[in-house]
Amino acid sequence: MSPQNFIVEAMRNLRLADGCKGSQVYAVSPGDKASETRMKVEQSKPLRASQTEHTATDGLFVAKLSEPPISPHLKLVDYVETLASIFGELERAPEEAKAGLYLEQCFVFRGLGETKLLRRSLRSARQHACRVHEKIVFSAWLRYEKREEDLDDMSLMTCNGRALECPKAALIDGYSPITVFDPCPCREPLDNREMASEECSTSSVTRDDVVFCIDEEEVFCNRENIAALSSPFHAMLFGSFTESQRTKIGFSHNGISVQGMRAVDEFSKTGCLEPFPPEVVLELLTFANKFCCEKMKSACDKCLAALVRNVNDAVIFIEYGLEENAELLVASCLQVFLRDIPRSLHHPQVASLLCKSEGRKRLAMIGHSSFALYSFLSQVAMEDDMKSDTAVQLLERLRECATSHRQKALVLHQLGCVMLERQQYREAQNWFEDAAEAGHVYSLAGVARAKFKRGHTHSAYLEANNLISRYKRAGWMYQERSLYCCGKEKMADLNSATELDPTLSYPYRFRAAVLMDENKIRPAIAEINRILGFKVSPDCLELRAWFCLALEDHDGALRDIRALLTLDPNFLMYSGRVPADQLLRLLSQYVEQWTKADCWMQLYDRWSCVDDIGSLAVVHQMLENDPGKGLLRFRQSLLLLRLNCPKAAMRSLRLARKHASHEHERLVYEGWILYDTGHREEALKKAEESIAIQRSFEAFFLKAYALADTSLDPASSANVIELLEDALKCPSDGLRKGQALNNLGSVYVDCGKLDLAADCYVSALNIRHTRAHQGLARVFYLKNDRKAAYEEMTKLIEKARNNASAYEKRSEYCERDMAKADLSMATQLDPLRTYPYRYRAADAVLMDDHRENEAIAELSKAIAFKPDLQLLHLRAAFHESLGEMEAAIRDCRAALSVDPNHADTVELYNRVSCRK
């Protein structure tokens with residue numbers, strides 16, 4: 001048997017669904033004879049007993065996927081109600097309480113998987129922070145969340161130029177209403193008045209009239225200046241004490257050295273500590289505490305805080321700070337620990353301080369223990385190693401800090417999740433029960449899971465069943481109950497889960513694995529394609545790769561393995577035992593190898609048929625032969641953005657910058673990094689710098705793109721047109737020129753130049769830029785030719801592999817019944833698209849004024865799994881029309897939590913609030 005046939009035969013002999021554990025798959029059924037002749041990549045330990053269990057149904061082996069994990073984040077039955085509640089509290093809260101409320105808002109968005117929204121909430125928390133402690137925590141947290149987006153690997157205390165993330169700005173006490181993207185003042189030169197105010201005072205000459213004797217030496221000082229340091233000194237030198245009558249005062253047993261006392265004298269005259277080494281300043285700090293010299297203590301605190309640059313410094317100085325109650329010094333040290341996370345958590349002294357109860361109490365005594373701090377620390381620890389003792393200890397400290405019911409519910413639930421991962425099921429059940437009692441309904445799923453793990457399957461089923469009967473239905477409830485039943489009931493629950501929340505991947509994977517177990521390979525692929533059409537993940541790609549191998553479709557298997565390696569270069573297959581790139585190398589031996597020219601042809605084919613996963617795989621193969629090609633990494637990032645994989649896209653963009661062969665090319669990639677992180681003005685500057693070095697397609701395209709997004713006035717439109725025309729004059733391939741022509745056509749349409757727009761779209765189609773069909777359809781529609789517009793969109797639907805958006809757009813160019821059919825298809829292909837829900841809701845009301853409840857129900861379907869501004873706004877408007885002001889206010893508040901500046905929602909909110 002040839003090696004190729006051996007692989008195919010091995011795949012045929014697999015009961016693949018039996019091999020599904022976790023979110024990944026291992027290839028060989030443990031009870032199969034084929035296990036003796038595994039592929040040569042299989043060189044790991046024997047399978048655990050838990051991996052060999054299977055369930056028999058109707059005489060067939062049914063796939064046994066491992067259960068989906070219990071999420072360690074807030075998962076709310078009605079997140080809209082919670083967001084509205086937090087928004088209402090924010091409206092009434094004093095300024096010092098707002099940071100904590102924004103943090104709770106952040107927890108809600110994290111549970112919903114909304115990365116951009118949770119970051120915005122974190123920025124708001126930092127923006128409204130009043131205390132230094134809050135500022136250092138939120139500043140470090142923002143840095144951690146954006147750790148893959150900074151252009152340079154900066155040192156711990158280096159400012160990136162933005163005030164909200166600046167380590168120096170975080171050490172300034174008090175509320176400062178800085179905006180999100182304001183430049184940091186620490187990078188701006190001080191004006192003369194500011195510099196003058198910071199200079200040490202040397203204008204007056206004082207006469208030394210008192211001597212402090214320390215051991216055998218004398219330190220000459222000015223009595224009045226020393227007395228001014230504190231009330232105790234004033235009493236000693238000018239009060240009824242004998243020292244007030246003496247010119248020489250014995251001072252040997254007061255814990256100050258001669259050098260230290262001279263520094264005290266210098267500070268009393270100048271208010272300056274700059275000439276003194278750190279050990280002397282530390283001595284002054286102790287002295288200031290002993291004699292209540294508040295001004296000196298503050299100066300020492302500030303001086304020492306500025307000296308902390310790295311973890312080693314912080315480890316040394318924080319002990320002095322805690323001992324001497326130096327709040328700013330402790331803040332500076334703590335900030336270094338937080339900005340070096342997760343590495344600093346592995347430092348024994350840092351871990352001891354942060355993880356132990358005694359350490360938290362020491363920090364609390366100086367005002368540096370908070371729920372925000374331990375939320376951040378525990379999040380990092382769980383992401384680093386969910387089963388670690390560090391994660392458990394930090395969650396215990398977090399529990400000690402929790403005050404509100406939402407805070408308590410979150411930390412109790414997270415303790416349950418960690419114990420579940422550690423297989424301490426009894427403890428996990430207890431924590432989940434406490435979390436549920438605190439109001440976190442989702443923790444009841446954790447209770448059921450813990451009972452199941454303890455062998456109480458029927459009890460777990462009853463727990464999940466009660467959950468469904470007592471609360472508002474949600475997809476995750478049915479998914480959870482499906483784990484504890486079998487046969488038709490299990491499939492019915494999984495179908496209900498998909499109906500209520502189509503974003504859950506487990507039901508698709510299970511149904512596909514069952515079909516595969518029944519040797520229905522093509523239906524299995526069709527099932528997994530349902531979710532891959534709108535939500536790409538490595539585990540689903542891996543599953544489809546095995547299905548393709550069973551069909552002897554090695555090219556399809558390689559496509560999916562290459563795509564998942566693009567998403568996660570370290571992905572492990574075979575239930576986490578074999579690197580995916582190892583299987584890739586094995587399979588690559590048995591397929592036809594493409595030349596560079598072949599790869600470009602394949603890329604054109606896949607790009608033109610809007611096959612983004614296929615395009616991603618081709619780019620991955622091209623990078624194998626040319627890993628240092630920045631341009632290919634850039635193309636990779638564009639495809640990943642289309643597939644809604646922003647984290648992987650940013651990684652590719654950073655690699656493009658790293659491997660840029662010229663300075664002007666590097667500037668372009670830096671510009672795109674800045675643009676994608678919301679810094680459009682800085683992106684424009686990068687584009688201009690690149691153009692100044694060399695006129696290139698990508699530099700002009702970046703500038704045009706950023707300019708079009710920042711301004712829509714006629715003058716800007718003219719500039720964008722000129723820039724895109726300049727881009728088209730520069731050398732580039734057809735893929736990028738097609739995009740430029742498409743964008744140029746869009747600008748012409750906005751300017752009302754329809755003939756020029758049509759020319760651009762036709763030119764783009766001539767070089768196989770398929771998406772230009774949509775622009776050309778728009779031109780036909782604006783020329784009142786709906787039939788031609790419909791036909792143009794039909795061409796796009798026929799050509800495009802991913803065509804949900806094409807169905808949605810075509811609905812605008814046909815009659816009502818056909819539009820409804822197109823939008824139904826769009827929802828089926830991509831349930832995350834919100835326009836079809838809005839259309840159906842509006843259509844219901846337009847056809848009958850008394851169908852608002854039907855419209856609300858339609859919108860609620862999508863709102864259940866997607867916090868969308870337009871959906872919430874529209875539902876609020878329908879509630880208003882029904883006179884349901886409370887519900888309208890709730891939806892307005894939730895919508896404004898998503899976008900506080902949405903003008904239409906602000907207007908609606910003000911109106912319904914007045915009516916209420």
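**Exercise 1. In which loop is asparagine 644 found?** Then work out whether asparagine 644 is buried or exposed.

*Solution.* Keep in mind that this is a predicted model.
- Step one, location: asparagine 644 sits in the loop that runs between H31 and helix H32, the latter covering 646-658.
- Step two, exposure: the relative accessibility of asparagine 644 is 58%. The cut-off for exposed is over 50%, so asparagine 644 counts as exposed.
- Asparagine 644 and valine 536 are 108 residues apart in sequence, yet the gap in space is 8.0 Å.

**Exercise 2. Follow H31 to its helix contacts. How do H30 and H31 pack, and how do H31 and H33 cross?**

*Solution.* Take H30 to begin with.
- Step one: helix H30 spans residues 612-625, and its axis lies 10 Å from that of H31, at an angle of about 160 degrees.
- Step two: angles over 145 degrees count as roughly antiparallel, so H30 is roughly antiparallel to H31. The crossing of this pair is left-handed.
- Step three, who touches whom: from H30 come Asp612, Ser615, Leu616, Val619, Met622 and Leu623, and they meet Leu632, Arg633, Gln636, Leu639, Leu640 and Arg642 of H31. Sorted by class, the contact of H30 with H31 has 7 nonpolar, 2 polar and 3 charged residues.

Now for H33.
- Step four: H31 (residues 630-642) and H33 (residues 663-676) have axes that come within 11 Å and cross at roughly 15 degrees. Angles under 35 degrees count as roughly parallel, and that makes H31 roughly parallel to H33.
- Step five: H31 passes H33 in a left-handed crossing. The H31 side of the contact is Gly630, Leu631, Phe634 and Leu641, while H33 brings Glu665, Tyr669, Trp672 and Asp676.
- Step six: by class, the contact of H31 with H33 comes to 5 nonpolar, 1 polar and 2 charged residues.

**Exercise 3. At what angle do the axes of H23 and H24 cross, and which residues make the contact?**

*Solution.* 
- Step one: find H23 at residues 487-500 and H24 at residues 506-517. Their axes come within 9 Å and cross at roughly 140 degrees.
- Step two: roughly antiparallel needs an angle over 145 degrees, and roughly perpendicular covers 65 to 115. H23 and H24 are therefore oblique to each other. Their crossing is left-handed.
- Step three: H23 contributes Lys490, Met491, Leu494, Asn495, Ala497 and Thr498, and H24 contributes Tyr506, Pro507, Tyr508, Phe510 and Arg511. The class tally for H23 with H24 is 7 nonpolar, 2 polar and 2 charged residues.

**Exercise 4. Where is tyrosine 471 placed, and what does tyrosine 471 touch?**

*Solution.* 
- Step one: look in the loop between helix H21 (457-470) and helix H22 (475-482); that is the place of tyrosine 471.
- Step two: tyrosine 471 has a relative accessible area of 27%, so it is partly exposed.
- Step three: leave out residues up to four places away in sequence, and tyrosine 471 touches Val441, Leu444 and Met477.
- Tyrosine 471 and aspartate 78 are 393 residues apart in sequence, but 9.9 Å apart in space, C-alpha to C-alpha.

**Exercise 5. Go through the backbone. Which residues does a cis peptide bond join, and what phi do aspartate 215 and glutamine 423 have?**

*Solution.* 
- Step one: isoleucine 341 and proline 342 are joined by a cis peptide bond, with omega about 5 degrees. Proline 342 lies in the loop between helix H13 (327-339) and helix H14 (348-355).
- Step two: aspartate 215 isn't a glycine, but its phi is positive, about 55 degrees. You'll find aspartate 215 between strand E5 (210-214) and strand E6 (217-221), in the loop, and it is exposed at 61% relative accessible area.
- Step three: glutamine 423, also not a glycine, has a positive phi of about 60 degrees. Its loop runs between helix H18 (405-421) and helix H19 (425-437). Glutamine 423 is exposed, with a relative accessible area of 57%.

**Exercise 6. How many helices and strands does the protein chain have, and what percentage of its residues count as buried?**

*Solution.* 
- Step one: the chain has 47 helices and 9 strands.
- Step two: 55% of its 916 residues count as buried.

Key: Residues numbered from 1 in each chain as written. Predicted model: local features only at pLDDT ≥ 70, side-chain atom pairs only at ≥ 80, totals over all residues. Heavy atoms only, no water. Axes fitted to C-alpha atoms, helices over the stretch in contact; angles between N-to-C directions. Helix = DSSP H or I, 4+ residues; strand = E, 2+ residues; numbered from the N terminus. Left-handed = near helix turned anticlockwise from the far one by under 90°. Contact = heavy atoms within 4.5 Å. Nonpolar A, V, L, I, M, F, W, Y, C, P; charged D, E, K, R; others polar. Buried < 20%, exposed > 50% of the residue type's maximum accessible area, 1.4 Å probe, protein only.
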